[in-house]
Amino acid sequence: MGSDREIDVFPPALIDALVDSRHIVVMTGSGTSAESGIPTFRDAQTGLWAKYRPEDLATPEAFARNPQLVSDWYEWRRQLVSKTDPNPGHTAIAALTKLVKQLTLITQNVDGLHQRAGNDDVIEFHGNIMLSRCTDGHPATGIQGDTESPPRCEQCGAMIRPAVVWFGESIPAAVLQRALAAVETCDVFFAIGTSAQVQPAAGLALLAKQNGATLIEINPAETPLTDDCDYILKGPSGAILPKLVSALKQTSDHA
Ligand code: OAD
């Protein structure tokens, strides 16, 4: 169910599903941070992939070919992220986490805004742009010098790269396992601000649905998931999530 108007009154059955839930999984994508001023990837005109080619900037091959270009691009994105703040959507997810029995937050975002909004346990599916790691496998320690691009590992001198998952790379096994375990036991799954075009993240939503979870999408646009959703909350997450949390609070207060 869904309409073109941004929702004000939520279906009672949706609120009931949240009240009765034992375990909610929330999976967010870059749209969740759009209202903080961080560009998404695939939105026409404003998305990063409308201006840059992922194969030049977000693959291991691109880094091997032109490490300075890739490092500088990530440094530009780090600067951008460090000037932003969580928006009401992030804050509402943190409030929802406290309101329900169990909530697992999986994010495809690398910006750390969920943590800054108050979610301290976040499954960062694609890593974190603020962290770096040695390309030779040393754990992230000191970086040698601060002017070189890319920086070098203090231990072995190898290049230091952002601790994010690039195209063609696998999700770290422990991260994937944690996400799958949550999806297997959840009874409600939210897909928020994601175009659901990148695997394996997008597949988590359908897996949850196959396991019987109620699937809810929050997005101003349709996605490949939309037709499979039980509830479609059309609009920006920074506007919809605070209203949803406040509706849930009212119901919980009267229960
Ligand atoms: P996309 O850019 O593919 O999709 C962003 C989604 O957010 C779209 O469906 C928009 O309609 C929606 N959106 C835009 N503004 C919104 C708002 N205010 N509230 C809610 N939704 C909004 O971003 P992702 O799905 O996150 O991967 O992309 C997935 C992965 O592809 C990223 O993690 C990144 C990228 O390449 C890596 O870096 C590995």
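## Buried face of helix α5

In this predicted model, helix α5 buries P67, V70, S71, W73, Y74, R77, R78 and V81; buried means under 20% relative accessible area, with exposed over 50% and partly exposed in between (1.4 Å probe, protein chains only). Viewed down the axis of α5, these buried residues fall within an arc of 160 degrees, so they line one face of the helix. The arc is taken from the directions from the helix axis to the C-beta atoms.

Elements covering the buried residues of α5 include α2 (48–51), α3 (54–57), α4 (60–65), α7 (113–117), β4 (127–134) and β7 (160–164), where contact means heavy atoms within 4.5 Å. Helices (H or I, at least four residues) and strands (E, at least two) are DSSP runs, numbered from the N terminus.

## Length of α5

Helix α5 covers residues 67–82, and its 16 residues should span 22 Å at 1.5 Å a residue; the end C-alpha atoms are 22 Å apart, which agrees. The expected span is 1.5 Å times one less than the number of residues.

## The sheet

An open sheet of six strands has the order β3-β2-β1-β8-β9-β10, with parallel pairing; two strands pair if DSSP finds at least two bridges between them. The edges are β3 (122–124) and β10 (231–234), each with a single partner strand, so one side of each has no neighbour in the sheet. From one strand to the next, the twist averages 15 degrees; axes are lines fitted to C-alpha atoms, for helices over the stretch in contact, and angles run from 0 to 180 degrees between N-to-C directions.

Strand β2 (residues 103–107) is joined to β3 by three bridges, and T107 has E124 in β3 as its bridge partner. Helix α6 (residues 88–99) lies across β1 (24–28), β2 and β8 (188–192), at about 150 degrees to β2.

## Basis

Residues are numbered from 1 along each chain as its sequence is written, and side-chain values use heavy atoms, leaving out hydrogens and water. Local features need pLDDT of at least 70 and side-chain atom pairs count only at pLDDT 80 or more, while totals for chains, interfaces and linings use all residues.
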